[in-house]
Amino acid sequence: MIDIEERFTAIIDEAPGIDIAESNFKQSLIDDPELRKAYKEYCREQGTSEKNGFIEFCEQYCSDRDEIWESLNDYDNME
């Protein structure tokens, strides 16, 4: 069983930008039928379209990551 969100984050972390991550993900969908099936299920569960599911995850993931860094920077500035 594929952990789809783990695959998402691996693709995002390996790419220099969201556009390239999306391109790499789309290629992975073509190459891996099991991933494609897991992605369809993920999108259905999340109530999103297959067109936007990965990008919506990327945006949320990057936003959450930025918030963590901002919190750490705020903490550093308090000292």
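A: The largest pocket comes out at about 200 Å³. Here a pocket is an open set of points on a 1 Å grid over the protein atoms alone, where a 1.4 Å probe fits, with protein on both sides within 12 Å along at least five of seven lines; lining residues have an atom within 4 Å of a point. The volume is the space filled by probe spheres set on the points, which are joined across faces, edges and corners. Bear in mind that this is a predicted model: local features need pLDDT of at least 70, side-chain atom pairs count only at pLDDT 80 or more, and totals for chains, interfaces and linings use all residues. Numbering runs from 1 along each chain as its sequence is written, and side-chain values use heavy atoms, with hydrogens and water left out.

So who lines the pocket? You'll find M1, I2, I4, E34, K37, A38, E41, Y42 and E45 there. Helix α3, residues 33-46, gives the most, with 6 residues; helices are DSSP runs of H or I, at least four residues, numbered from the N terminus.

Now look at I4: setting aside neighbours within four places in sequence, I4 is in contact (heavy atoms within 4.5 Å) with L35, A38, Y39 and Y42.

How values were computed
Helix = DSSP H or I, 4+ residues; strand = E, 2+ residues; numbered from the N terminus.
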